[in-house]
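Open the model in your viewer and keep the selection tool at hand. The stops below go from one chain to its contact with another.

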Amino acid sequence: MPPSESAQASAATLELVETTKRYGGVVAVDAISLRISAGTYCCLLGPSGCGKTSTLRMIAGHETVSAGAVVFGGHEITDLPPARRGTAMMFQSYALFPHLTALDNVAFALKMRGVDRVARHARAAEVLALVAMSAYADRRPGELSGGQQQRVALARALITEPKILLLDEPLSALDPYLRVRMRAELKRLQRELGITFVHVTHSQEEAMALADLVVVMNEGRIEQQGSPREVFNRPRTEFVARFIGGHNVVTARGARVAVRADRLQLRRLNGHGEAPPTKGTVTNVEYQGTVVQTSVTADDGTELIALAPEQVFDREPLTPGTRVAVDWEPGAAHALTQ
Amino acid sequence: MSDGGAGGTALLRPSAVPATTGVGVWLRRLASRAAAPYWQAAPLALVFAFFFVLPLVVTVVVSLWRYNEYSITPALVGDNYASVFSGCLAELPSLCLTFKTYLSTLKFCVLAWALTLLLGFTVAYFLTFHVRSLTGQMTLFLVCTIPFWTSNVIRMISWVPLLGRNGLVNSFLVSAGLTREPLTWLLFSDFSVALAFVHLYTMFMIVPIFNSMSRIDRALLEAARDAGASGWQALWNVVVPLSKPGIVIGSIFVVTMVMGDYVTIGVMGGQQIASVGKVIQVQLSYLQFPLAAANAVVLLAVVLMVIAAMTRLVDVRKEL
């Protein structure tokens, strides 16, 4: 990488420094600190009300920062107006202007800057082509499907050539099939443009699929941040383990540990052999195609989930009511804080 | 009217209708599914026909009758229209009485429209975007309607002690030394007429514009800001276009009311200012019904043309 480019890359790092948002007496975002380096696909993940959208809106400049700072490329942008931050936002309901055509929606920011009609339409057409919407340039938002509206909204955000694109639950309004397709497309765009994406979602699946950096938030704080693999394999807290899914949280030898559902081994109890660490009763068996999900209620009342590949499950099929021993390899469990 | 509706539902049961006779076939057709919407629309259609269409037709018919000092006779002549416009073409380029009257009325129309639009839009904007709570909006809305608790005439007349030669405003101005003589243009002038129109009709502008504005998604304003729009740019490029239906509906209200008005112009103009409505009223008082009807038809045509021009700006049906 040429030095100028790397300098530019470090210059485009986004930093939140003890950023806080209070609404009256309620603390929505509690002094969070976060560093997102240039070209990162970052997902803010958490349940509704965890402060992820407030965080995004503070980065965008649509929400005032109560305390702390937002720093971008070494400059504080805490109090700059949205359009002067180098960010662009894609709104949850897309917020397309209903009275304008797709082309005029995309060209809007250029019109505000006083770019003449011919030039801004030419540029808008280019960006529309980038999201494969050229054929719909003359339609109004009301005449477009949800997925098409989303592409137009994406194009509108990209026309200002932002260094950071902020996406507020961009996929939540789409049906599951389209969601998966648009997900791949977002990732492709991010790779091609090489800019930072900050994407707010409550879907761990979405975050896993897209993110270079997953930031799990709860009650205004960051619970854990890291790559999807780090977060999934080593959830730091019980909240993360439960929210990210695919984990069982159990008490073993007095400590709370997380065990991945696909590492849980179930064995039919047949009266002989050593005493297993945990015993329970199968309550439900769900065939999910590639895997079979078995629900077990342990004798101490803990609900457990075990995922097994179809062939593995078929070696020793279980039915509801079966008594089972629950076990895992020592390496599969890891301790949780709190 | 309710008889029609009840009859309709009874007829919808086909078994109750004998099918063999000619009347039976006719009734069955009436009771068919396709006829149901017509039955449902019938009560309102009848009200409209009786109280709106019929008087209009009568006015047009009477405008073609003949009259003299002591009688009115049914006829089919254009004499009344000719006398409305008598001399108008011959006197050009100077304006005949009818043209002058229409011009004066149109002048007030434009004045009242521009002022109520400016005020109404501002108030609606304030109510929609600056009053955050719904209770606040409702309260302020009710405050706006307080003037409507008294009649039009009382609201107009109450300006007289305020604006008169020895009124409150003049005595203040004189005692404050701002003017030596009392201002005479405050009352019984174009100014007082325009003032009264604005006072009376601004509410008719506020309500439809507020209705349009309150449907604007707040996220659109944020999106505009995100795209670098200043406050004025967002107002002009987002709020105004999306308020257009309300603006047009409000404008239709105001224009229609001002064009047909003769009471306000009469009272606030000190009976010195001509208006089309006043002309019609005077002709009616002299029992020149056909002439008044002809004038009314011409006025109606002018108002319809103005409205047609305005609705071309925007599809009002979208708003309904």
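Select domain 1 and domain 2 of chain B: their centres, taken over C-alpha atoms, are 40 Å apart. Domain 1 covers 2-62 and domain 2 covers 88-319, with bounds from an automatic or database domain assignment. This is a predicted model, where local features need pLDDT of at least 70 and side-chain atom pairs pLDDT 80 or more, while totals for chains, interfaces and linings use all residues. Residues are numbered from 1 along each chain as its sequence is written, with chains lettered from A and ligands numbered from 1 in the order written.

Now show all of chain B as a cartoon. Its secondary structure is 16 helices and two strands (DSSP runs numbered from the N terminus: H or I of at least four residues, E of at least two). The radius of gyration, over C-alpha atoms, is 26 Å, well over the 20 Å of the globule rule for 320 residues, so chain B is more spread out than a compact globule (the rule is 2.2 Å times the number of residues to the power 0.38). Along the principal axes, the C-alpha trace of chain B spans about 95 × 70 × 40 Å.

Next, bring in chain A. Here 14 residues of chain B are in contact with 15 residues of chain A (C-beta atoms, placed from the backbone, within 7 Å). Select helix 12 (218-226) and helix 13 (231-260) of chain B: these are the elements giving two or more residues to that side. Helix 12 of chain B gives the most, with six residues.

Methods. Contact = placed C-beta atoms within 7 Å.
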